[in-house]
Amino acid sequence: MARILKSGVNAQTQLSINETVQTTVRGLIADIRERGDDALRAHSQAFDGWNPPQFRLSAEQIAHAVAQVPEEQLDSIRFALEQVRTFARAQRASIHEVEIETIPGVTLGHKVLPMNSVACYVPGGRYPMIASAIMSVATAKVAGVPRVVAVTPPKDGEPYPATVATMHLAGADEIYIMGGVQALAALALGTQSVAAVDMLVGPGNAYVAEAKRQLFGQVGIDLLAGPTETLVIADDSVDAEMVATDLLGQAEHGTNSPAVLLTTSETLARAVETEITRQLGVLSTAAVAGQAWRDYGQIIVADDEGEMIRIADDIASEHVQVLTRDPDVFLNGMTNYGSLFLGPETNVAYGDKAIGTNHILPTGRAARYTGGLWVGKFLKTVTYQRATREASVVVGRHCSVICGIEGFAGHQRQADLRVERYGEAVTVGAD
């Protein structure tokens, strides 16, 4: 039976949508819907201190931003982009169109089409999340989306050069500097200067997540992401320094970011507690990571690997790092996770930034029913059908019966009309 050695004071608390957030977001969206650009400007000034002549960057402004980024940084951005593109291309190649003949004369098929327009939101705030531009913009372009809009808030009153450069190198067709709810509302609803899109993707704070929730239906969304989560699964083959480093490396995302150690070794569990205390004494982001660990950190000791798999699937964490003798046990056994990181040679930071898998992943146990952002999220599978006259008569007779059972007279007449017209033609043709 598993034992909880450490449980943060808020570790078991379900994060709920704050009513104040809901109300604020609802009001902002309504204002953008009613007043368009005037509301966008007012809220941009109020929240970001940002009221430029135009929110969309010109080609000259983009070039200026790129020129400000050191070449060494651009090289690393290009490397990460190529890893993400390579994996996304392989994913796209795995998605095939279909056409089959189900019975003689009936042809059914599906086509795979990209969205026409997508907006990729890249958070600013405490950290300039350039990796989110890599994950969203590059993947959308590999999917074939013809209009990819990238949007990010200003940082310290100006466009952040590295974020703008990453958006541009990723292939963004339009780049806007505007943030938060007002940006998403403008992109979903359209204003005098911002053309509406079909889908919103990308992470953000509670207000961004709530805006996506309220705008869903008006546009598509990727998923509703909450605070970053990490689960480290470990046995006694790994050392406490690596486990503690990997837990705190994700806890620094935010003060409400859960970080969980699941292990079969109580000795390791005790050592990790000590090592976390030591590392918090020197980590530059200790104020954030330390509070997250105190409030949301957990250490769970399980009896064996089978119990670890059951517990891990119940937690359904966004990130799951496996530091055990045989990581494939968990690759083959687990079913609920956003992304798996197998072995000590990889880690969540690799997935967040540069290895090629997408870092926009399900949180809040949503991994039970969905995966994260990938090239397929930008594609629509649309169906079509055609039939010969002979086949139309066969299908029509059965369709008419089912319509009669359900009481849909108009539907039934559609079927009967084909049977009447094509049944006679088929009979004549047979003579």
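Glu266 counts as partly exposed, at 32% relative accessibility. On this scale buried means under 20% relative accessible area, exposed over 50%, and partly exposed in between, with a 1.4 Å probe and protein chains only. The model is predicted: local features need pLDDT of at least 70, side-chain atom pairs count only at pLDDT 80 or more, and totals for chains, interfaces and linings use all residues. Residues are numbered from 1 along each chain as its sequence is written, and side-chain values use heavy atoms, with hydrogens and water left out.

**Salt bridges**

Side chains of opposite charge can pair when their charged atoms come close. A salt bridge here is a side-chain nitrogen of Lys or Arg within 4 Å of a carboxyl oxygen of Asp or Glu. The count by this rule is 18 salt bridges.

Helices (H or I, at least four residues) and strands (E, at least two) are DSSP runs, numbered from the N terminus. Arg3 is partly exposed, with a relative accessible area of 34%.

Glu266 and Arg270 are four residues apart in helix H10, so about one helical turn separates them. Arg270 is partly exposed as well, with a relative accessible area of 41%. Salt bridges that share partners join Arg3, Glu266, Arg270, Glu273 and Asp303 into one network.

Arg325 counts as exposed, at 60% relative accessibility.

**Second largest pocket**

A pocket is found on a 1 Å grid over the protein atoms alone, as an open set of points with protein on both sides within 12 Å along at least five of seven lines; lining residues have an atom within 4 Å of a point. The second largest pocket holds about 370 Å³ of space. Its lining has 21 residues, and Phe87, Gly338, Ser339, Thr357 and Asn358 are the closest to the pocket centre. Helix H4 (71-93) and strand E13 (339-342) each supply at least two lining residues, and H4 gives the largest share, four residues. The lining divides into 11 nonpolar, 10 polar and no charged residues. Domain 1 (16-97 + 115-222) and domain 2 (227-371) both give residues to this lining, so the pocket lies between them.

**Single residues**

Ala316 has a positive phi of about 50° although it is not a glycine. Ala316 lies in the loop between helix H12 (305-315) and E12, and is buried, with a relative accessible area of 0%. Arg365, also not a glycine, has a positive phi of about 70°. Arg365 is found in the loop between helix H14 (348-353) and strand E14 (379-387) and counts as partly exposed, at 30% relative accessibility.

Key. 1 Å grid on protein atoms, 1.4 Å probe; cavity = no way out; pocket = protein on both sides within 12 Å on 5 of 7 lines; lining within 4 Å. Points joined across faces, edges and corners; volume = space filled by probe spheres on them. Nonpolar A, V, L, I, M, F, W, Y, C, P; charged D, E, K, R; others polar. Domains from an automatic or database assignment.
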